[in-house]
Amino acid sequence: MTATAVAPALAGLMMDRSLQISRLIDHAALWHGDIEIVTQRTGAPDERSTYREVRARSAQLAHALAERLHVAAGERVATFAWNTQRHLELYYGVSGSGAVLHTVNPRLFAPQIVYIINHARDRFVFLDADLVPVLEPLAAQLPAVEGYVVLCGEAEMPATSLPNAVAYESLIAGLPGEIEWPELDERTASSLCYTSGTTGNPKGVLYSHRSTILHTFAQAASWQAGPGSQAAILPVVPLFHANAWGLPYLAPMQGSKLVFADPHLDPAELYGALEREQVTLTCGVPTIWLRLLDYLERNDLRFSSLKLLGVGGSAPPRALIEAFEVKYGVTVLNAWGMTETSPACTYGTPRPAHDVLPQRIDYKTRAGRALFGVEIRIVDDDGASLPFDGVAQGEIHVRGPWIAAGYFEDDEATARGVTADGWLRTGDIASIDTHGYVQIRDRSKDVIKSGGEWISSIELENVAVAHPAVAEAAAIGIPHPTWSERPVLYVVAAQGHELDAASVIAFLDGKVAKWWIPDEVIVVAELPHTATGKISKRTLRERYAPAAT
Ligand code: ADP
C-alpha cells in the first residue's frame, strides 16, 4: 500500500550497506568509547559505565539470546523495565541480533499487559526486580512466555514464582564481549511498541532497522543546537515509550552522555539529578515540566547546565514555554509525533524571522514544522485536503519512511488507521499556516463540539494555566441538550495557592471567546494521568458523568 521503490532504470553505483541499529553502538564504542552512561537509583550509588562497556555487554547479551535462550531472528523479546543501562543493552543486544525488542509499559493496566505480551507472542520477558510482583500474578495468563530474566545480579535476585526466572548477570556471564553482528536486510523488524489505544485493544507498531536509523539521522539533522558529544542527555521519557523519542539511538550516534534517572523522581530529586550530572538536554511530557517549574519558582532556583528542554506527548502550555525560555534561559523544543511515527514528525524550531521575543514564544506553542522525510496533509471529514492558511482545521495525515504502514497482525486497526492512498491517520486536528507551522488544536477524541463549532480543549487549558494559581488544567466536553456539548474545566491549584472557580472564569473572560467559557470549573487536588504521563481525559469524562461514557 505504501509506495516502495520501483526497480531503477540505471542503478547508482554506491555501496548497499544496510542501515542497521547495531552500527550505532559499534560507532559509539569505537569513536565515543569513553563517554559515560549513568544510571541513578534513589538510595543506591550511581552506576557509571561507557559506550565501550555497553557494546561489550550488548554483545554478551546477543550471544546469550542465541546460545542460551535460542531466540531466532524475528522473534520477540519483551522488556518490562525502567530507564537503566541494562535496558539500553537490550535495545542493542536484542535488535542487533535480528530479534525484535518489544518494550512493554509497566504502568498499563494488567489486562492490557496480558493482551500485549500475548499478542506479540513474546518468548522471554526481561524485567526490573521491583516489577517482579507486577508480573507474578499475570504469568499464568502468559502461556507463550518461556522464561523471565530479572535485570539484576545473582545476589540481588528476588525469590519469585515466575517460571524459569534467571538473573540477567548470570545469563550473560562468561560470554564473549566481542561480536560480529549479523548482516540484516535493513527492512528487518527491530522493535515493537504498542500504543495505549483509547478505544479497542492496544495496537502494535513494528519498527524496522531502516526506519529507526533514518529517524535518528533526521533528528540529528534537525535538532536545535544539536546535542553532540558535548551533551549530557537525561531522557525523562521512559524507554518503553515510543523509542524514548529516539534518544537511545541519537545519543550513541552523536556520542552524547546518557543519564538514566530513577523513575519515581519528585521534582526536587529530578532537579538534583539534572544538576549533579550537568545535564544539557532533557525530554519529557508537559506534566513533568509543570511540576519542575513549580518547584523552581518556590525555591528560587536556576539551572547551571540545562540548555534544551524537549517537550511532547501533549501540548505544552504557553506559560511553561515562556518561563523556561525567558526566565530560565532554557531553549524549549516542542516536538509533535506519536508511537506510530517513531515518533518525531515536527519540531518547533522557529524560522529566524520568528525566533525573536516576544513572537518566539507564540511560535513555540505550535508543534513546529515537518522534519525532512515526513510529508503532512490536513483533511476534512470527507478526506479532501485543506489549505495551509492557518485557519482551516482538519485531521493530520502523515507519510514517510519512519511512519507506520500498518499495525502488527491487526488488519482491522490497519484498515482504520491507514488510508487507501497510503497515509497514516493521526487522529490529531490541526491547522497549518503559510510558513508550515503545524498548530495542534485537539485530538479528534478530545475535541469539544458546541453548537456545531469546535472549542479547542488545548487552547482553553493553555489560557487557564497562565492563571498564577493554576498548576494544571484539563478541559473536557460533556453532553448538553441544546449545544450537543459544553466545556467543563478541571484545575489543580499551584502549591501554596488558594483557588476558586470564579477567579478562573474571571481570568478566562476576555482571553477566549465568550462561548468557550466553561459551564463549570472544578478544582481538584490532582488530575488522573495515563500510563504515559498524559492527562487522562477519558477518566475525567467517566468521573463527570459515569452513565454517559
Ligand atoms: P497515546 O497518547 O495515545 O498513548 P502516543 O504516546 O503515541 O499515544 O501519543 C501521540 C499523541 O500525543 C499525538 O497523536 C498527539 O495527540 C499527542 N501529542 C504528541 N506530541 C504533541 C505535541 N507536541 N503537542 C500536542 N500534542 C501532542
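Buried, in this briefing, means a relative accessible area under 20%, exposed means over 50%, and partly exposed lies in between, with a 1.4 Å probe and protein chains only; by that rule Arg86 is buried, with a relative accessible area of 18%. The structure is a predicted model, in which local features need pLDDT of at least 70 and side-chain atom pairs count only at pLDDT 80 or more, while totals for chains, interfaces and linings use all residues. Residues are numbered from 1 along each chain as its sequence is written, and side-chain values use heavy atoms, with hydrogens and water left out.

**Nonpolar cores**

- A nonpolar core is a set of buried Ala, Val, Leu, Ile, Met, Phe, Trp, Tyr and Cys residues joined through side-chain atoms within 4.5 Å; the largest has 83 residues, of which Phe126, Ile396 and Val398 touch the most other members.
- Helix H2 (residues 51–68) gives the most to this core, contributing seven residues, where helices (H or I, at least four residues) and strands (E, at least two) are DSSP runs numbered from the N terminus.
- Apart from this core lies another, of 31 residues, which includes Val100, Ile116, Val125 and Ala531.
- Leaving aside residues up to four places away in sequence, Val398 has contacts (heavy atoms within 4.5 Å) with Trp336, Thr341, Cys345, Val374, Glu375, Ile376, Ile403, Trp423, Leu424 and Thr426.

**Salt bridges**

- Side chains of opposite charge can pair when their charged atoms come close.
- A salt bridge is counted when a side-chain nitrogen of Lys or Arg is within 4 Å of a carboxyl oxygen of Asp or Glu, and by this rule there are 32 salt bridges.
- Arg86 forms a salt bridge with Glu169, with the closest N and O atoms 2.8 Å apart; because Arg86 lies in helix H3 (residues 85–96) and Glu169 in helix H6 (residues 168–172), the pair ties together parts that are 83 residues apart in sequence.
- Glu169 counts as partly exposed, because its relative accessibility is 21%.
- Glu461 and Lys537 form a salt bridge whose closest N and O atoms are 2.6 Å apart, linking helix H14 (residues 457–465) to helix H16 (residues 537–544) across 76 residues, and both Glu461 and Lys537 are buried.

- The side chains of Arg48 and Glu36 meet in a salt bridge (2.9 Å, N to O), which links strand S2 (residues 44–50), where Arg48 lies, with strand S1 (residues 36–41), where Glu36 lies, 12 residues apart.
- Arg48 is partly exposed at 40% relative accessibility, and Glu36 is partly exposed at 27%.
- Salt bridges that share partners join Glu36, Asp46, Arg48, Lys257, Arg276 and Glu277 into one network.
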